[in-house]
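Q: I've got a model open and I'd like to learn how to read its features one at a time. Could you walk me through it?

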Amino acid sequence: MLTTRVLRSLQYFCNYFEPHINSISFFCLVFFLFVYCCMPPFSQMFQKEVIESVMDITLSSAVEACADVETVPATVSVADLGCCSGPNTLFVVENVIRAVCERRREAVRQLPEFMVFLNDLPSNDFNTLFSLVPEFVQKLKAEHDGRIMVSVAGVPGSFYGRLFPSSSLHFMTSFTSLQWLSQVPAGLLNKGEPINKGNVYMSPASPPSVATRYFEQFQEDFNMFLRLRSQELVVGGRMVLSMLGRRSHDIHKKINEFPLFEALSKSLSISVSEKLVAEEKVASFNFPLYTPSTQELEDQVYREGSFTIDYMKQYYHDWMFENAPNMLSKTCRAATESLICHHFGEEIIEPLFKTHTRVLYERLVEGEDIGWCQITVALCKSAA
Ligand SMILES: C[S@@+](CC[C@H](N)C(=O)[O-])C[C@H]1O[C@@H](n2cnc3c(N)ncnc32)[C@H](O)[C@@H]1O
């Protein structure tokens with residue numbers, strides 16, 4: 001894929017610029033193109049950094065989960081939920097497989113066979129993801145002298161429904177996906193009137209009942225998620241879940257916990273004043289997104305009762321560097337574009353995200369924080 005991208009870009013530049021460039025500038029161009037093509041797309045760079053920040057706990061949890069699979073040759077089943085279509089998901093799985101093999105080699109010499117399930121919504125670009133799989137499998141085979149068996153399957157569907165047979169998985173991960181709720185909370189209308197006007201999710205400017213509705217939806221969804229996964233995991237199986245979160249436990253505290261979305265609310269108001277979009281359309285738009293606190297996650301895990309908490313950590317990514325607004329806006333666009341298009345139409349996207357980048361720049365120049373909090377929790381399925 002990388003090679004195709006390099007070649008296609010080269011071909012494009014050669015066709016258009018050939019008459020104007022000498023050989024030195026041509027080689028500079030090739031060099032910069034190569035560097036560009038080797039970088040992950042902007043929208044995935046932040047996620048990759050998030051994944052790297054929780055890699056240690058992911059690997060130790062995977063090793064714990066798979067150390068007890070004693071049948072020879074054992075099959076180890078792992079799944080990534082909300083895998084998207086980029087290389088991040090395979091980066092995680094690759095490291096998990098390596099860590100499990102290393103531990104197995106120390107213990108029993110025989111390497112396990114791996115069944116890898118990649119889950120996302122049916123609208124996900126599974127074709128792009130699958131095109132990365134042969135190289136991924138080859139690489140692992142080469143590292144283990146061909147003695148390893150890795151099978152990869154896509155599982156389209158919502159993680160708020162059953163995805164796998166009972167007691168069939170040993171280890172699951174989900175990165176930067178579980179903040180998405182199954183739906184926008186019900187009850188955001190009062191006698192037909194939207195009650196969260198001017199905001200796109202629960203924010204400091206929302207009436208208190210908005211935060212309550214979002215919290216109730218989160219409780220319902222997360223409880224369902226834990227219950228379903230507990231049916232699918234073997235006893236002693238583990239999950240590492242990392243999602244956007246809040247630093248403050250109080251949902252009614254008037255602090256701006258998620259500036260990226262605050263900037264999106266502001267950009268939508270600007271679009272109204274520029275007559276790009278109707279005010280009523282903006283007033284009725286809300287994202288199905290909830291950023292829980294560590295305390296809320298802990299409470300839900302205890303209440304559901306199928307898991308014990310091995311580890312929990314809150315991490316703040318401040319992203320305070322010059323080009324951050326541009327890159328963060330691209331990340332935000334990748335994550336929200338389909339929902340925005342669905343509600344407002346495609347035409348709004350370009351101008352909206354141009355404004356969004358500008359708003360984020362203004363915030364950065366004013367010294368405002370434009371980062372977010374990420375919460376990671378490692379869970380172990382307890383005996384019934
Ligand atoms: C920000 S991306 C994270 C991608 C990847 N895990 C990473 O860390 O690079 C969030 C992903 O969650 C997926 N997602 C959201 N809700 C989902 C659901 N209910 N079931 C499965 N996937 C979901 C989205 O389609 C999207 O691909």
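Predicted model: local features only at pLDDT ≥ 70, side-chain atom pairs only at ≥ 80, totals over all residues.

Q: At what angle do α8 and α12 pack?

A: At about 125 degrees, with 9 Å between the axes. That makes α8 oblique to α12. This crossing is right-handed. Among the residues making the contact are Pro259, Glu262, Ser267 and Ile270 of α8, and Leu352, His356, Val359 and Arg363 of α12.

Q: What span should the 15 residues of α8 have?

A: Counting 1.5 Å a residue, α8 (residues 259-273) should span 21 Å, and its end C-alpha atoms are 21 Å apart, which agrees.

Q: How many of the residues of α8 are buried?

A: 11 of the 15 are buried, so α8 is largely enclosed by the rest of the structure. The buried ones include Phe261, Leu264, Leu268 and Ile270, but also Glu262, Ser265 and Ser267. Packing against the buried residues of α8 are α9 (279-283), α11 (324-344), α12 (349-365) and β9 (372-381).

Q: What covers the buried residues of α12?

A: The cover includes α8 and α11. Among the buried residues of α12 are Ile349, Leu352, Phe353, His356, Leu360 and Arg363.

Q: Which residues have the most contacts inside the largest nonpolar core?

A: The general idea first: in soluble globular proteins, nonpolar side chains tend to be buried together. Here the largest nonpolar core has 65 residues, and those with the most contacts inside it are Phe164, Phe222, Phe225, Met239, Leu241, Phe261 and Ile340. Helix α7 (residues 208-232) gives the largest share of this core, 7 residues. There is also a second, separate core of 37 residues, which includes Ala62, Val76, Val93 and Val133.

Q: What does phenylalanine 225 touch?

A: Leaving out residues up to four places away in sequence, phenylalanine 225 touches Leu81, Phe159, Tyr160, Leu178, Met239 and Leu241.

Q: Is glutamine 219 buried or exposed?

A: Glutamine 219 lies in helix α7. Its relative accessibility is 19%, and the cut-off for buried is under 20%, so glutamine 219 counts as buried. With residues up to four places away set aside, glutamine 219 touches Gln300 and Arg303.

Q: Which value does phi take at cysteine 84?

A: For background, most residues other than glycine have a negative phi. Cysteine 84 is not a glycine, yet its phi is positive, about 60 degrees. You'll find cysteine 84 in the loop between β1 (75-81) and α5 (88-108), and it is partly exposed, with a relative accessible area of 37%. Serine 167 also has a positive phi, near 45 degrees. Serine 167 sits in the loop between β3 (149-156) and β4 (169-175) and is partly exposed at 46% relative accessible area.

Q: Where is aspartate 369?

A: Aspartate 369 is in the loop between α12 and β9, and it is partly exposed, with a relative accessible area of 32%. Its C-alpha atom is separated by 9.5 Å from that of glutamate 257, although the two residues are 112 residues apart along the chain.

Q: How many helices and strands does the protein have?

A: The secondary structure comes to 12 helices and 9 strands. Of the 384 residues, 49% count as buried. Among contacts between residues at least 6 apart in sequence, 84% join residues at least 24 apart.

Definitions and conventions:
Residues numbered from 1 in each chain as written. Heavy atoms only, no water. Core = buried A, V, L, I, M, F, W, Y, C linked by side-chain atoms within 4.5 Å. Buried < 20%, exposed > 50% of the residue type's maximum accessible area, 1.4 Å probe, protein only. Helix = DSSP H or I, 4+ residues; strand = E, 2+ residues; numbered from the N terminus. Contact = heavy atoms within 4.5 Å. Expected span 1.5 Å × (residues − 1). Axes fitted to C-alpha atoms, helices over the stretch in contact; angles between N-to-C directions. Parallel < 35°, antiparallel > 145°, perpendicular 65-115°, else oblique. Left-handed = near helix turned anticlockwise from the far one by under 90°.
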